[in-house]
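Subject: Structure handover

Hello,

Here is the structure we spoke about. Please open it alongside this email; my notes follow below.

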Amino acid sequence: MGKRNRNRQNQQNRDQRPEGSRSRDNAGWGAGYSEIIKENKLFEQYYRELNIVPEGEFEEFMEAMREPLPATIRITGYKSHAKEILHTLKEKYFKEIQDLEIDGQKIEAPQALRWYPDDLAWHTNMSRKILRKSPLLEKFHQFLVSETESGNISRQEAVSMIPPLLLKIEPHHKILDMCAAPGSKTAQLIEMLHADMDVPFPEGFVIANDVDNKRCYLLVHQAKRLNSPCIMVVNHDASCIPRLQLEHDGKKEVLFYDRVLCDVPCSGDGTMRKNIDVWKKWTTSNGLQLHGLQLRIAVRGVEQLAVGGRMVYSTCSLNPVEDEAVIASLLEKSEGALELVEAVADLPGLKFMPGITSWKLMTRDGQWYSNWSEVPEARHTQIRPTMFPPTDDEKLQSMKLERCMRILPHHQNTGGFFVAVLVKKAPMPWNRRYPKLRNAEAVPSGETAQAEELQVIRASAEVGEVEAPTQGEPSTSEAAETQQDADSKKDGVCGEAPSGAGVGLGVLASCPCPGHRGLTHTSPSPCSRPPPSKKMKLFGFKEDPFVFLTEEDPVFPPIQAFYDLSPGFPKLNVLTRTHEGKKRHLYMVSKELRNVLLNNSERMKVINTGVKVWSRNNDGEQFGCAFRLAQEGIYTLYPYIRARVITVSLEDVKVLLTEENPFLSRLGEDTHAQAKKLEMGSIVLKYRPDPKDPSSPQCPIELCGWRGKTSIRAFVPRNERLHYLRMVGVEVFQDKQGKKAGRTTEAQEGSTELGEARGREEGGTQEPESTDTDQNGSAKSKGNGLEGAGSA
């Protein structure tokens with residue numbers, strides 16, 4: 001059956017359905033969820049028994065879980081114009097909607113999240129459906145969509161913003177985001193690296209990983225909005241993500257991360273307010289099945305963490321099996337190398353419940369177990385000893401599990417969430433060369449401990465125990481454990497024990513370590529050993545290569561001469577995505593990410609990295625350079641450009657962003673004079689704020705443009721164009737019929753109306769294949785005239 005016939009048949013089938021079922025197809029956003037009953041008796045029974053909710057608040061807790069989740073937005077904090085966006089929100093959009101009433105419902109004005117720094121995060125009770133019922137709200141909605149696409153605003157759940165804040169990121173930190181997709185937390189990490197916009201290449205970087213190849217591309221899209229040269233997206237199983245190497249002074253060193261974000265896959269029962277289908281799918285089995293994976297990922301995270309570094313473990317689950325049980329097991333295996341730290345002072349104003357120290361397990365048929373000894377052997381494959389709290393009261397007390405944080409929905413109208421902050425004081429026991437130390441105070445720390453851990457890893461590398469460098473090779477921890485398993489199974493005892501230990505340590509206990517099933521322990525405590533790592537698998541789409549240019553590459557001389565790049569321009573940081581043929585785009589990465597790429601190409605799968613700084617212009621060679629500037633990389637590249645820069649006024653910015661191809665005479669006298677001195681070709685249009693005019697934007701703006709024979713054209717993606725127009729006082733609005741409308745907040749000439757804007761908004765934001773020039777030497781794209789902001 002042809003496609004057209006299938007579509008006709010499907011339509012006939014829909015028309016033949018009862019009226020009630022057909023109405024779902026035509027209903028608004030969120031239709032169909034009303035049929036899902038927000039009840040789950042097993043869920044209520046489980047959490048009533050666990051007492052994670054304060055006494056007398058359980059009904060309020062359940063009522064909040066049934067309410068829709070408030071919409072939350074976060075303003076990108078690292079960009080210099082964050083204050084301008086915040087000012088626009090407060091003084092314009094929030095004021096217009098604060099007294100609005102729709103269908104008898106009063107719209108609550110957005111409120112700042114009091115625990116998020118600098119009023120950069122806000123929440124509101126408005127749904128998407130309500131946003132579209134009023135012209136004023138429709139404008140607000142279009143503002144949010146446009147600013148989100150341009151990377152200036154992120155729509156992100158409130159509790160999801162907590163883990164990056166607790167990491168305490170500084171610009172020099174090397175950061176690993178282990179389970180990063182869809183990328184909202186990754187975006188926060190990038191923002192914090194770029195706290196100082198005057199530094200184009202921070203020393204630190206973010207490596208964002210996800211096991212799902214398709215979700216990695218969603219991650220790329222999120223990261224690309226921020227135009228950072230310090231982000232790399234990779235595709236690996238987080239539980240066996242390979243250990244990477246760096247080269248310094250001609251020597252290879254193991255890469256340890258200063259910060260690790262371990263936001264693990266979970267059952268997601270804290271997301272019931274937005275993921276409605278969790279109500280009918282939730283069972284206690286979900287948490288039991290994920291516990292092992294969560295523990296393996298957490299172990300791998302602390303293995304890669306530098307001594308003195310900080311790791312945040314988080315889930316959107318309220319289940320202690322996925323939360324405190326993982327942290328307790330991790331702390332027990334660390335033998336004092338890890339410390340659970342207090343984080344309450346880092347987010348003043350955040351309401352949360354402390355972690356619990358006692359919990360039970362329940363099967364999906366309602367059977368409860370308080371400790372491992374009660375679990376029948378038939379269930380040993382589903383329930384593991386690490387899911388229970390430690391039985392040793394002294395050990396349990398020393399863990400300080402109450403320092404964990406559990407956010408409950410009814411306390412501040414959010415989703416449910418769990419977060420714990422760990423600091424690494426010494427190498428993990430299985431990474432030490434010296435004998436295991438039972439006394440935490442005797443463990444070396446700081447640089448000495450880090451050096452010893454490095455020696456162990458180097459020694460392992462010499463005998464072939466390198467952690468997952470290629471497909472099929474075991475990790476260091478796996479190789480070590482395999483050897484110990486082989487030795488210990490000879491006697492049926494797990495781990496080494498001093499002679500006579502069986503007498504002094506009491507009854508032999510069953511070993512809970514994965515891979516040691518059926519063995520016995522010479523100590524009542526579990527093995528201080530990580531779960532075995534999985535073997536690394538390479539899968540998904542084949543990526544284009546990342547090829548770094550040499551300093552002698554013939555592409556540099558014309559670029560150097562045309563833009564008069566400063567001597568400090570890092571040529572070695574420039575890369576392209578092809579080995580052969582003409583280079584279509586040039587990208588830049590930071591020095592440290594270049595180091596990572598060059599030394600680990602065989603041991604990791606890179607999906608994307610770098611920010612585009614130049615794009616080929618087919619006819620540009622006749623003007624002296626075959627590459628024009630790319631808007632997405634202008635903030636990275638601008639500090640090195642010493643020519644082809646025109647300073648423009650506020651009125652000039654309005655003209656350039658609203659007119660198709662304005663003649664030089666349409667610009668200010670000073671701008672006109674500067675342009676006449678330049679030859680045709682790519683240029684930078686620079687606006688600098690006037691402190692004497694507080695009504696004008698008080699942040700710098702750099703735009704890419706093209707100097708034609710008699711005109712100047714701006715090359716700016718659609719959403720960034722709309723963003724800058726709002727900043728300079730031009731309100732942009734598209735009515736429901738799809739017609740463009742534009743008005744200004746002050747009297748302007750008719751030629752600045754949005755209707756004359758270059759490029760048709762309905763044309764999309766894809767980047768043109770190439771650019772040609774018209775008879776006047778003005779750039780003319782073969783596409784829609786707008787430079788795309790997508791990935792390579």
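Arg644 is buried, at 6% relative accessible area (buried means under 20%, exposed over 50%, partly exposed in between, with a 1.4 Å probe and protein chains only). This is a predicted model, in which local features need pLDDT of at least 70 and side-chain atom pairs count only at pLDDT 80 or more, while totals for chains, interfaces and linings use all residues. Residues are numbered from 1 along each chain as its sequence is written, and side-chain values use heavy atoms, with hydrogens and water left out.

Back to Arg644. Its phi is near 65°, a positive value in a residue other than glycine. Arg644 sits in the loop between α21 (634-637) and β29 (645-648). Helices (H or I, at least four residues) and strands (E, at least two) are DSSP runs, numbered from the N terminus.

Asp118 also has a positive phi, of about 60°, and is not a glycine. Its loop runs between β4 (111-112) and β5 (121-124). Is Asp118 buried or exposed? Asp118 counts as exposed, at 62% relative accessibility.

There is a cis peptide bond to check as well. It runs from Ala181 to Pro182, with omega near 5°. Pro182 lies in the loop between β7 (174-177) and α9 (184-193).

**Two helix pairs**

The axes of α12 (residues 284-304) and α13 (residues 324-334) come within 10 Å and cross at roughly 45°. That makes α12 oblique to α13. Axes are lines fitted to C-alpha atoms, for helices over the stretch in contact, and angles run from 0 to 180 degrees between N-to-C directions. Angles under 35 degrees count as roughly parallel, over 145 as roughly antiparallel, 65 to 115 as roughly perpendicular, and the rest as oblique. The α12 and α13 crossing is right-handed (the near helix is turned clockwise from the far one by less than a right angle; anticlockwise is left-handed).

Which residues meet? From α12 come His291, Gln294, Leu295, Ala298, Val299 and Val302; from α13 come Ala325, Val326, Ser329, Leu330 and Lys333. Contact means heavy atoms within 4.5 Å. The residues of this contact divide into 7 nonpolar, 3 polar and 1 charged. Ala, Val, Leu, Ile, Met, Phe, Trp, Tyr, Cys and Pro count as nonpolar, Asp, Glu, Lys and Arg as charged, and the others, Gly among them, as polar.

The axes of α22 (residues 650-658) and α24 (residues 718-727) come within 10 Å and cross at roughly 150°. That makes α22 roughly antiparallel to α24. The crossing is left-handed. Leu656, Leu657 and Thr658 in α22 meet Arg721, Tyr724 and Leu725 in α24.

In α4 (residues 58-66), the buried residues are Phe58, Phe61, Met62, Ala64, Met65 and Arg66. Their cover includes α3 (41-50), α11 (278-281) and α15 (409-412).

Gly415 is 350 residues away along the chain, yet the C-alpha atoms are 7.9 Å apart in space. Gly415 lies in the loop between α15 and β19 (417-424). Gly415 is buried, at 1% relative accessible area. Leaving aside neighbours within four places in sequence, the contacts of Gly415 are Leu69, Glu157, Val159, Gly270, Ile407, Leu408 and Pro409.

**Cysteines**

The count is 0 disulfides, taking a disulfide as a pair of cysteine sulfur atoms within 2.5 Å. Cys240 is buried at 3% relative accessible area. Cys625 is buried at 6%.

Best wishes
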